[in-house]
Structures are given as structure tokens and as C-alpha cells.
Amino acid sequence: MLLAKFLRKPSLASQSFPVPQILSRAVSNYGSLDSALVNPNFIDVALSQLLKNKKAKKNDVNEFIDHFKTKMNRQNFISMLRGCRRRHVLEPRHIYTAACGLKYAEDEPLNSMQLDQIFHSISFMSHRVASVRVLLTVTSEALNDCEDKFTIDQVANYMFSLIHMKSGVPEVREMVRVLMIKLAASEESISNDSASKLIGGFHGLSCKYPEVRQALAAVLQQLDTHSSSSSFSEAEASRALFGMKRLSPEYADVQKLTSYVLSNSETSTMRMSSHQVSQAILAVQSMDTDAQEAKSLFRFLTQQVEQLEEGGKPLVSKNVKEVLAALGAATVNTEEVNALTAALKAKE
């Protein structure tokens, strides 16, 4: 708390000391790293103040972390991930440092509430960053070892946190495998919100990997046993279809999943917004099959596109172009493909 007061002093606020100099003065005034004052609570307050300072730069965060990392506990590293993401000053080296801290810090192992916070930060990250893959490994190990009871809502949120991740990365596939273990341990009823997140989390996953096919079967089993009997809302249907972008309908489980989503979408009353339609149309990119489920999906999406209000917000141009390119290469479902293509072009 002392550092927070220190940084708020008017006499200091009126001066143009760089943030690292302010932190350095704080440490010299109130104690060295060996001081009992420098504890995890002190570090959380100091980090919070640093990130609230709009003049703080990446180098300032670097200096702070280098100075205090040996005194951080796991919650400090979680706060670092969350806080740095919010300020857009998070570098790959920060993620790597946090991952190492989460694994090797000497305090209590990560609990379910702390894992909630980590997954919230992961949801904004890309698998293309090497340090993110390290963080995924540390997190999946902690999740696997955690003896806390996880609710179906937690597992669904964790799954949906992977929407920016691709299954070509082994660390992502391992995370999916661990999530399915936690999912199988749950016997709760599954709300439509959680169901749509479980399905939506497949957005970057491909059926060519056995871990993805096994996850798909596990999710379907849980949905068949525990899902709600009520219909999806427009947002829930859109989110679920968004997750089917890379799932190949040549697999029976993908056909079952398509049927599940459509049967829970009340065609006669559902009217998606342009944003929701822009997400949902991505589901047809892998639907180059004459399976009845694919035909039904094309018809459903065509209806949703056609009933968009004239003069309303346009569809997301990037998504429309992506889908039209995929439809142009389709070899089956000519009638349904032509209808959806015409509807999309009419709304461009």
C-alpha cells in the first residue's frame, strides 16, 4: 500500500520522472528486495499502479518484472498476464516469465479460481507465439493436476478460450485432451450458453487430428446426456456455428453436431443480427458434402441472410469473401450453394 500512496503523491505526480525511476526510488525509500515489505501483496499493488500509469511503456514493465520476479508468487504472475494484456504492453518475454513463474513458484499450486483468470488471459493470445505454447503446457499440466471440482460452465469457458488457437500445435491438442477429462467428470446439466461455448471452442480445430475427433465425440456424449431441452438464442446458435468452421462433415460426429445445432435453432422465430450471421456463415466452409445435414445448414443460413433488414449493418466483408471463395470451390449441393451465394452477394 505504501507504494500506491507514494505514486499518488502530488509532489511526484507533478514531476516527469520515468516510471522505473519512481519504482527505484520507492524501493530505496521503503526497503530493498530483502525487506519484509516486498511481499506478494506489495508487488500486486506496485504492478497495478504501474499499469494504470498511461505513460508506462514495455521497457518499464520489463524493468519492474526483472526487479521483482524472484519475490513473486503465482497470483502475481497471473496479475501480470491479466494486467499487461489490458494495457497492451505484454511481450512474449512477459508471457514466458509468467509461465515459468506459474510452474516453479514456491507457494500453493494453482486452484480453479486462478485457472479461471489464466484462461481469461489465454483467450486473447495466439498459438503462433512460442511463449504462449509454453503457457499452454504449464496451464494444461496445472489443470490436469488440480483436484478442485470444475463446473460445466468453467470447462465450457476454458474450451471457448481456445478460439484463436489452431490444432496443428501439439500444445493445443494436449489442452483439449485435458479439458475433455474435466468435461467427462461433470454430471451437471448443460445450459445452452455452455453448450454453444463447448462447440464454439472448436473454431480453430481440425478433425484430421485424433485428439479433436475424440473431443468431438466427448462433447456430443455430454450434450446428448445433459443438454437443455430449450432452443438456442440467436447469439448461442451463431457461436456454435462459428465453432464448426474447420470441422469436416465426412465424419459422422460432425453430421451429428450439425444436426444438434440446427434442431436447437428455432427456424421460424430466429432472426440473427448481421454480426451473428457473419459468424455463423463460417460453418459452411467445410460442408462440401451431400449429407442431408449440410443441405439443412445451407438452407438455414440462407434464410438468416435473406431476412436481414435492408439498410442495417453490413455483414463482415472479410467473412463474406472467405465464405464465397469456399462456396466457389464446392462440388455438391449446387442448388443450396447457389441460393446462399446469391443471398450473400445481395447483402454485400
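Helices (H or I, at least four residues) and strands (E, at least two) are DSSP runs, numbered from the N terminus. By this reading the protein chain has 19 helices and zero strands. The model is predicted, so local features need pLDDT of at least 70 and side-chain atom pairs count only at pLDDT 80 or more, while totals for chains, interfaces and linings use all residues. Residues are numbered from 1 along each chain as its sequence is written, and side-chain values use heavy atoms, with hydrogens and water left out.

Buried means under 20% relative accessible area, exposed over 50%, and partly exposed in between (1.4 Å probe, protein chains only). Of the 348 residues of the protein chain, 51% count as buried. Contact means heavy atoms within 4.5 Å. Among contacts in the protein chain with a separation of 6 or more, 80% join residues 24 or more positions apart.

A nonpolar core is a set of buried Ala, Val, Leu, Ile, Met, Phe, Trp, Tyr and Cys residues joined through side-chain atoms within 4.5 Å. The largest such core has 104 residues, and L241 and L344 touch the most other members. Helix α11 (residues 170-184) supplies the largest share of this core, seven residues. Leaving out residues up to four places away in sequence, L344 touches I281, V305, L315, V320, V323, L324 and L327.

Apart from neighbours within four places in sequence, V138 is in contact with A99, L102 and K103. V138 and A98 are 40 residues apart along the chain, and their C-alpha atoms are separated by 9.9 Å.

C100, at 26% relative accessibility, counts as partly exposed, whereas C146, at 8%, counts as buried. The structure holds zero disulfides, a disulfide being a pair of cysteine sulfur atoms within 2.5 Å.

The last feature is a pocket. On a 1 Å grid over the protein atoms alone, where a 1.4 Å probe fits, a pocket is an open set of points with protein on both sides within 12 Å along at least five of seven lines, and lining residues have an atom within 4 Å of a point. The second largest pocket has a volume of about 300 Å³, a volume being the space filled by probe spheres set on the points. Its lining has 16 residues, of which I163, H164, H203, F242 and K245 lie nearest the centre. Helix α18 (residues 317-328) gives the most to this lining, with three residues.
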